[in-house]
Amino acid sequence: MAQLTDDCFAHGGRMMRSGEALELLARILAPVTAPEEVALLGALGRILAEDVIAPQDVPPHENSAVDGYAVFFDDLDTTGETTLPVGGRAAAGHPLEHPPRRGEAIRIFTGARMPEGMDCVMMQEDCEPRDGQVVFQPGLKRGANRRLRGEDVTAGSVVLHRGQRLRAQDVGQAASVGRRALCVARPLSVALFSTGDELREPGTPLEEGAIYDSNRYTIAALLGGLGCAVADLGILRDRPGPLRTALARAAETHDLVVTSGGVSVGEEDHVRQAVEALGHLHFWRLAIKPGRPIALGQIGRVPFVGLPGNPVAVMVTFLNIVRPMILHLMGARDVAPHHFRVRADFAYKKKKDRREWVRARLESDGEAGWRAVKFPRDGAGILSSMVESEGLVELPEGLTRLERGTMVEFLPFSEVVA
């Protein structure tokens, strides 16, 4: 379970910039998940809890990069044809069974161990076999088509670093140095529920005044994409007693509690009162749009996040604030997604001292690269705008007017949504 100090999320005064919030989170949060060993095939997407050090060189010996003939470079005529007898054969997993002799060529195949002392390989397409001999044309360079021992990895080097989130290529790299299992952070255990008397489960009858609960499914998918173990607690009605009981029980068995809706200051926003009764709740007045103040707090010593009720605000605040927070809690080293520079195909006005994210899709701009085309509507309740967009254009606090054609930062959903 998470062990946080009392009031660790506390912040008062002016509205906080998103960059300041992320810096504060990085300072106050520490990993809360214990390490566990998992088989290599189950490591994809997990946070590595150890450095992986190569016990040997990769490749462990020199080998051929092509199908062809291995030779001693000094046996070749650099000005004309060279004819050499073929003195043996080497294939991947079946090295030459005797030491090679000067003045002969060895038939060799891709991946085969280089015969001792031979230092280059002529591609078979450039050779002419003739009755047990092979003819080489001039032009081959010393060391051509030969892979060196340790060319990929040298023994004793760190090939994977603690805190990195494992990708397919990382899993393959671990296998290349002989690892069958890796020590990774246990998945963060997250309790998730929505609140509101108006919410209904998809697939059930929808009476007047009710809506289907989309936020819980969006958040669960986002959490799952980060490798969290999500406990779906469903929809809780606006009842103070049951809400308080559900929150308390969730905090007993989970590392993080996340809700959607019910954390404002209205008479029916009972989540706020329940969290305050069980621990501490602090509203972070973040200078961002879309989104309203995100509620961060503690239930006992377990962190709590209260996300907005509007679906676009839910995604924007999750991707930019909650996602880095979760990665910190799982011990990740690099929590910031990569942005890309594109050209804005729209003009835009915004308030100073507020960071805004504009939904957009990308179109090819020919040789100039890519341009971001803004979604035509800005409402925080328009979930279809996230479906029809490919990412978010991030506009910094100091900007008040964006002119068409200006280079902007673009955060593609492919960077942050699995």
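In the predicted model, Met407 contacts Arg341, Val342 and Arg343, when its neighbours within four places in sequence are left aside. Met407 belongs to strand 28, which covers residues 407–412. The relative accessible area of Met407 is 32%, and this residue is therefore classed as partly exposed, since that class lies between the limits of 20% for buried and 50% for exposed residues.

A helix pair was also examined. Two packed helices are described by the angle between their axes and the distance between the axes. For helix 3 (residues 215–225) and helix 6 (residues 311–329), the axes come within 11 Å and cross at roughly 25°. Because angles under 35 degrees count as roughly parallel, helix 3 and helix 6 are assigned to that class. The crossing of helix 3 past helix 6 is right-handed. Helix 3 contributes Asn215, Thr218, Ile219, Leu222 and Leu223 to the contact, and these meet Pro311, Val314, Met315, Phe318, Leu319 and Ile326 of helix 6. By residue type, the contact comprises nine nonpolar and two polar residues, with no charged ones.

At the level of the whole protein chain, eight helices and 28 strands are assigned. The radius of gyration is 30 Å, well over the 22 Å given by the globule rule for 418 residues, so the chain is more spread out than a compact globule. The C-alpha trace spans about 95 × 50 × 45 Å along its principal axes. Buried residues account for 48% of the 418 residues. Among contacts between residues at least 6 apart in sequence, 71% join residues at least 24 apart.

Key:
Residues are numbered from 1 along each chain as its sequence is written. This is a predicted model: local features need pLDDT of at least 70, side-chain atom pairs count only at pLDDT 80 or more; totals for chains, interfaces and linings use all residues. Side-chain values use heavy atoms; hydrogens and water are left out. Axes are lines fitted to C-alpha atoms, for helices over the stretch in contact, and angles run from 0 to 180 degrees between N-to-C directions. Helices (H or I, at least four residues) and strands (E, at least two) are DSSP runs, numbered from the N terminus. Angles under 35 degrees count as roughly parallel, over 145 as roughly antiparallel, 65 to 115 as roughly perpendicular and the rest as oblique. A crossing is left-handed if the near helix is turned anticlockwise from the far one by less than a right angle, and right-handed if clockwise. Contact means heavy atoms within 4.5 Å. Ala, Val, Leu, Ile, Met, Phe, Trp, Tyr, Cys and Pro count as nonpolar, Asp, Glu, Lys and Arg as charged, and the others, Gly among them, as polar. Buried means under 20% relative accessible area, exposed over 50%, partly exposed in between (1.4 Å probe, protein chains only). The radius of gyration is taken over C-alpha atoms; the globule rule is 2.2 Å times the number of residues to the power 0.38.
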